[in-house]
Amino acid sequence: MKKVKVAIFFGGRSAEHEISLLSAVNVIKAMNKSKYEIVPIGIDEDGNFLAYDVTKNFILNSDEPKKICLARGGKPVTFGFGRSRELVGIKNKKLKIKIDAAFPVLHGTYGEDGTIQGLLKIVDVPFVGAGVLSSAVCMDKDVAKRLLLIAGLPVAEFLTFDVSNKEEINFEKISKKLGLPFFIKPANAGSSVGVSKIKNKQSLARLVRKAFQYDNKVLFERTIIGKEIECSVFGNEQAVASLPGRVLPKHEFYSYEAKYLDDDGAVFEIPAKLPLSVVKMIRQTAVRAYQALGCEGLARVDGFLTKENKFIINELNTIPGFTAISMYPKLWAVSGVKYSKLIDKLIQLAIKRWQRDNKIKTVYI
């Protein structure tokens, strides 16, 4: 049987560049080499697409998250014209790589926000994960929360400011509305980049500047007291949710450092030790949130379970982490879908959606 040629896109122009490299290492390791021909495409921090030889070491220091980086020697490529589904060399004009599907393992900006999805759609390549609109919506926490509220799903109370009205940010008004402490986060960022807990007026200005470094819009959110719960979802028209897991951060909250740089940053309860009725409710709520935001392919639904057993949605990640300690694959493993089978399923979902969407007329006859 002919192998499916899958281009794995990783790295990128994002604050989560290194995490993307870690995820790619694990995805490639888990892929069935007898079924897939793997084409590694590293995107450097300047946005250059670089094709690598999968048999060589193209990601350096993969066992040291603080030092991980792309290797030199990648061949600059871009997409060919039209619907060729072909990567072509920029310097070496004879280099041509035809691909059957793409697996973007690109966290954050220019990877999870609908931009790479739009490019892949234009060049007619089936791709793993959410489409253009749902990727953009889930990336923007402000827009996502508004749509979740319309769908009748609970979210933490929040206030939004952007560059046009950031001078109106006032500690007294925010703390009166949201209580203390409250959180600040960039609207369009992931992996807790730029997220801070604000406890007093003295820290506000500094942490506002920090959040605005990563986006032109920020959210202030009420602190939710409860168990931090994550649930993995996959599917196109018919979505299914994994068993939920619980995160017990050892830092003050589940920060970027706790997630990726501190080997002892959190304890994971996989699956979460919860009553069956609560597990059922969380899984149903996760699927409802996934569908409300138009997700397909995959997403991880994160939230908080209050003492009243109310599951409050925090956010949806359409390209969740695939590192060795990431919850998305671990939750599917305890739900009966092992890593390699999970990768198979996600690629199949991508191709089925592409086949479905290609039946849609794009010209009026």
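Predicted model: local features only at pLDDT ≥ 70, side-chain atom pairs only at ≥ 80, totals over all residues.
User: How many cavities of 30 Å³ or more does a search of the whole structure find?

Analyst: The search finds 3 of them. A cavity here is a set of points, on a 1 Å grid over the protein atoms alone, where a 1.4 Å probe fits but cannot get out. Grid points are joined across faces, edges and corners, and a volume is the space filled by probe spheres set on the points.

User: What volume does the second largest cavity have, and which residues line it?

Analyst: Its volume is about 80 Å³. The lining, meaning residues with an atom within 4 Å of a point, consists of E112, C138, M139, K141, A189, G190, E315, L316, N317 and T318.

User: Which element supplies the largest share of that lining?

Analyst: Strand 19 does, with 3 residues. Helix 3 (132-139) and strand 19 (311-317) each supply at least two residues of the lining. Helices (H or I, at least four residues) and strands (E, at least two) are DSSP runs, numbered from the N terminus.

User: How does the lining of the second largest cavity divide by class?

Analyst: There are 4 nonpolar, 3 polar and 3 charged residues. Ala, Val, Leu, Ile, Met, Phe, Trp, Tyr, Cys and Pro count as nonpolar, Asp, Glu, Lys and Arg as charged, and the others, Gly among them, as polar.

User: Take K141 from that lining. Buried or exposed?

Analyst: K141, found in helix 4, counts as buried because its relative accessibility is 7%. Buried means under 20% relative accessible area, exposed over 50%, partly exposed in between (1.4 Å probe, protein chains only).

User: What does the side chain of K141 reach?

Analyst: The side chain of K141 reaches the backbone oxygen of A189 at 2.3 Å. Leaving aside neighbours within four places in sequence, K141 is in contact (heavy atoms within 4.5 Å) with K185, P186, A187, A189, G190, L219 and E315.

User: And where is T318?

Analyst: T318 is in the loop between strand 19 and helix 9 (327-334). T318 counts as buried because its relative accessibility is 1%. Not counting residues up to four places away in sequence, T318 touches E112, A130, S134, S135, C138, C295, L298 and A299.

User: Changing topic to helix 8. How many residues does it have?

Analyst: Helix 8 (residues 276-292) has 17 residues. From first C-alpha to last, helix 8 reaches 24 Å, close to the 24 Å expected at 1.5 Å a residue; the expected span is 1.5 Å times one less than the number of residues.

User: Which residues of helix 8 are buried, and what covers them?

Analyst: V278, V279, I282, T285, A286, V287, A289 and Y290 are buried. Their cover includes helix 4 (141-150), strand 14 (227-235), strand 15 (240-241), strand 18 (297-305) and strand 19. Helix 8 is followed by G294, whose phi is positive, near 70 degrees.

User: Which peptide bonds are cis?

Analyst: Among them are the bond from L180 to P181, with omega near -10 degrees, and the bond from I270 to P271, with omega near -5 degrees. P181 lies in the loop between helix 5 (171-178) and strand 11 (182-186), while P271 is found in the loop between strand 17 (266-269) and helix 8. As background, most peptide bonds are trans, and most residues other than glycine have a negative phi.

User: Which residues have a positive phi without being glycine?

Analyst: They include R85, at about 55 degrees, and D124, at about 65 degrees. R85 is in the loop between strand 6 (75-79) and strand 7 (86-89), and D124 is in the loop between helix 2 (115-122) and helix 3. R85 is buried because its relative accessible area is 17%, and D124 counts as buried because its relative accessibility is 10%.

User: Finally, which residues does V27 touch?

Analyst: Not counting residues up to four places away in sequence, V27 touches F103, V105, F322, Y339 and I343. V27 lies in helix 1 (residues 17-30) and is buried, with a relative accessible area of 0%.

Note on methods. Residues numbered from 1 in each chain as written. Heavy atoms only, no water. 1 Å grid on protein atoms, 1.4 Å probe; cavity = no way out; pocket = protein on both sides within 12 Å on 5 of 7 lines; lining within 4 Å. Polar contact = N/O pair within 3.5 Å; in protein donor to acceptor, adjacent residues only side chain to side chain.
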